[in-house]
Amino acid sequence: MLEVKDLVVTAGGVRIVDGVSFEVRPGEVLGMVGESGSGKTMTMLAVAGLLPGPARITGGTAALYGTELTEARLERIRGRRIGFVFQDPATSLNPLMRVGAQIAEVLRIHGLGRTAARRRAVELLEQVGIGPERARVYPHELSGGMRQRIVIAMAIALRPALLIADEPTTALDVTVQEQIMRVLRAAQRETGAATVLVSHDLGLVSEAAHRIAVMYSGRLVETGTADEVLGAPRHPYSAALMRSRPRIGAGRGPLPVIPGHPPAPKSRPPGCAFHPRCPVALARCAQEVPPLAGGVACWAVQDG
Amino acid sequence: MAEPLLRVTDLRKSYGESWAVDGVTFAVDRGETLAIVGESGCGKSTLARCVARLAQPTSGSVRLDGLELATLSRRRLRPLRPRFQLVFQDPSTSLNPRWTVEEIVREPLRLQGVRGDVPGLLSEVGLDPGLAGRHPHQLSGGQRQRVGIARALALSPDLLVLDEPVTALDVSVQAQIINLLLRLQEERGLGYLFISHDLAVVSAVAHRIAVMHAGRLVETGPAEQVLGRPSHDYTRALVAAVPGA
Amino acid sequence: MRTSVRIALAGSALIALAVTFGPPLLGLDPLEQDLPAKLAPPFWMEGALAGHPLGTDQLGRDLLARVLAGGRTSLLVGFAASSLACAVGIVVGLLAGYLGGWVDRLVMGLGDLWIAFPFLVLAIATIGVVGSSTPVLITLLVLAGWVTSARVTRAIVKQVRGEDYVMAAVGAGAGHLNVLTRHLLPAVAGANLVIWTFSVGTMVLVEGGLSFLGLGVRPPTPSWGTILNDGRELLETAWWIPLWPGLTLTLTVLLVNLLGDGLRDTLDVRTDDHA
């Protein structure tokens, strides 16, 4: 189980993740949604100890089954207990290694013998729907979807306690997206890993996630079950975001939009970061940051 | 019957042995949006480039107001270029990173040797004319795409070829750009050839939809018909694959 | 800008100013012989002569004057050769990258051949036939140096010509010349500035080497290479003759490379052509 509490990530003096708290239980899929710059990826990179360059954790904690994921210990924990699936399968794989060997390598690093590793690699390939005869091909001989299956196989190879999938299907075609999500969900169920699915795609998240966390300008603004957040969003931002997405069947015509654009973390307004764009903002919203209470961080909801 | 704004007939484009576009026929009227949907590699981007004459079709016809474009040389095309313009997918690569917004939007005017109102164009696409001195990297993704649209409008075209114009954008920005495109179409009576892989996006903008698969159009019809009662198996698979639909 | 880059920039500028304006301002003549004053040691040694702070050579010529004037020749050859080599490289690279097809294959094939070609043999053969002189030297350096710039330029052009903003220009009616001058040339400028900077250092070094071998600048015109050559036979007795041009040559190349490194990081350009 993953417990993140008041996590703060700072880069260049700016809080790009500003006090984020959430939990993911074993076997549960948390959909982390938000637009670019909302801090959703940074949050998960921080949890995994993979923050780039100048960004670092300056507050809060993240614990996996009670083990604090401090940076010193991560080296050991990362590969074994956290599995990753990134957006672009092309860059996650070594182009010079046969795919079967890449999976086996992950297993061998963590102590499996040569034959056992090879056998397990074939099992993993089968698990993600790839025949054992494909173990000897190189990544470039595979389609994007096939490559992403390999990445998933590597991610679950060590039966991780936490699986992080960051935009796993964004680079893929629609029909392939569906297959990959099926593979990912099967893999997740089989390993029982606590899973965080980071995505900008609300439709995708709605089908795969049990619970959803919505981020805006580095903060968590709403959490709840997928049905709650997507069906009856309570935070004005989540609500506006749901309304603004085009849907098949809605017919041709203008979409309800949120005026303006999300603030960059360095020009985040005081109080609730959404208040300048919010239709129901109160005077208080411009002064105090609303806490996440009852699954929603909004004065208008909490006071009203 | 009056001649449509754009009529494409039996268009083909080959790369070596394979046909990226393999006999495509359709028409777009003034004020109308025809969406071409399909997955990557189906040939829709090649089709867009052939129509915008950034690529030379191997055979077939592209008529704008009855005027054949498919066979014209680069030189002959130049005076006709203002009538059809392209909007690109990724606003981070479609704007010269070394230029200012002003220079980018003015480029088509300069090339055609005509006057134009750059601040007016920026306002029309919802950009503060005060941003004219900025460089693309100083703008958000949505602002950049607005610059790309302003550039496409600079020469007052009749037809816009939009190649995945909102794919690279965030959900809330996507909605803003879709609305902008709808408004511009209404105000200017533009014909849109809207290339996209995203059926939900297409449903918000298209009057008619053509589904492209392996270089051919497998189904064409009014949007609600193609999305609601698809007749081709491939279309049905596409519609079924849309998450959350 | 980083401190090292500032130092490199200031140092290079100082050297350029000194060699350009030094001799006339100080009233020094690098060719004036004063045989009684020959082989005077530098100022801190016994037997040093007033008016010759860095000592004199075997013909009694003032070494300060010769090193400054020699630097002028060396830097002039370096600047001219690098500039011309880059200019040729840019034109060739633009054409190869933009036109593609057989032009590209021809030019790049030639480039590969060129890199494998023993340049020193070419230099010796050419000078053997037409004799040594500064213009011949510059021509040879340009012939040897254009390939780097051409390959990098071509690689960038190949990439940029397919960018959507170039497509947008074509879609608005831009002709070939327009695309080349407005979009492609500015795109290759940064990388070529870096190449040019590094190349000045290399060219100065190669000029030194060739002149030292008697294949470059012709005596009595001083260059760092010819002064080094003058001191070659007297290394044990008058070691200060090669010391000064050796020092200035090393310092110049070091500063110029430092500057190139800084520029490369600042402009964030790649100077290898393997995409």
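Reply: In this predicted model, strand β1 (residues 2–11) of chain A pairs with strand β4 (residues 56–64) of chain A in the antiparallel sense, over 7 bridges. One of the facing positions is K5(A), whose bridge partner in β4(A) is T61(A). β4(A) also pairs with strand β5 (residues 67–68) of chain A, again in the antiparallel sense, here over 2 bridges. In that pairing L64(A) stands opposite T67(A) of β5(A). β4(A) and β5(A) make a hairpin that leaves 2 residues between the strands. Y65(A), in the turn, has a positive phi of about 50 degrees.

Strand β1 of chain A also holds D6(A). Phi of D6(A) is near 50 degrees, which is a positive value in a residue other than glycine. How many other C-beta atoms lie within 10 Å of D6(A)? There are 12, so D6(A) is exposed, since a residue counts as exposed at 12 or fewer. A214(B) lies in the loop between β9 (208–213) and β10 (216–222) of chain B. With 15 other C-beta atoms within 10 Å, A214(B) is partly exposed.

Back in chain A, an open sheet has 6 strands in the order β6-β7-β8-β3-β9-β10, with mixed pairing. β6 (82–85) and β10 (219–225) of chain A stand at the edges of this sheet. Each of these two has a single partner strand, so one side of each is left without a neighbour in the sheet. From one strand to the next, the twist averages 20 degrees. Within the order, β3 (residues 29–33) of chain A and β8 (residues 194–199) of chain A run parallel and are joined by 5 bridges. In that pair, M32(A) stands opposite V198(A) of β8(A). Strands of a sheet pair through backbone hydrogen bonds, in either the parallel or the antiparallel sense.

Helices come next. Helix α6 (residues 144–156) of chain A lies across β6 and β7 (162–166) of chain A. The helix runs at about 170 degrees to β6(A). Is helix α1 (residues 40–48) of chain A buried or exposed? Of its 9 residues, 9 are buried, so α1(A) is largely enclosed by the rest of the structure. The buried residues are K40(A), T41(A), M42(A), T43(A), M44(A), L45(A), A46(A), V47(A) and A48(A). Just after α1(A) comes G49(A), with a positive phi of about 70 degrees.

Now for the neighbours of chain A. Of the 2 pairs of chains that touch, chains A and B have the most contacts. Their contact takes 28 residues from chain A and 32 residues from chain B. On the side of chain A that touches chain B, α7 (174–191), α8 (202–208) and α10 (236–244) of chain A each supply at least two residues. The largest share of that side, 5 residues, comes from α8(A). By type, the residues of that side divide into 11 nonpolar, 10 polar and 7 charged.

Chain C stands apart from chain A: no contact joins the two, and their closest C-alpha atoms lie 15 Å apart. An unreviewed UniProt entry annotates residues 71–260 of chain C as "domain: ABC transmembrane type-1". Over that span chain C is 83% helix and 0% strand, with its end C-alpha atoms 20 Å apart. The unreviewed entry in UniProt also lists residues 75–101, 113–145, 193–217 and 237–260 of chain C under "transmembrane region". Residues 75–101 of chain C are 96% helix and 0% strand, with end C-alpha atoms 38 Å apart. Residues 193–217 of chain C are 80% helix and 0% strand, and the end C-alpha atoms lie 26 Å apart.

Last, the confidence values. The predictor gives the complex an ipTM of 0.89 and a pTM of 0.84. Chain C has a mean pLDDT of 84, and 97% of its residues reach 70 or more. Among the elements of chain C, the lowest mean pLDDT, 82, belongs to helix α8 (residues 224–231) of chain C, and the highest, 94, to helix α6 (residues 164–171) of chain C.

Key
Residues numbered from 1 in each chain as written. Chains lettered and ligands numbered in written order. Predicted model: local features only at pLDDT ≥ 70, side-chain atom pairs only at ≥ 80, totals over all residues. UniProt positions renumbered as here; feature names shortened; annotations may be inferred. Helix = DSSP H or I, 4+ residues; strand = E, 2+ residues; numbered from the N terminus. Pairing = 2+ DSSP bridges. Axes fitted to C-alpha atoms, helices over the stretch in contact; angles between N-to-C directions. Contact = placed C-beta atoms within 7 Å. pLDDT = per-residue confidence, 0-100. Nonpolar A, V, L, I, M, F, W, Y, C, P; charged D, E, K, R; others polar. Buried ≥ 20, exposed ≤ 12 C-beta atoms within 10 Å, placed from the backbone.
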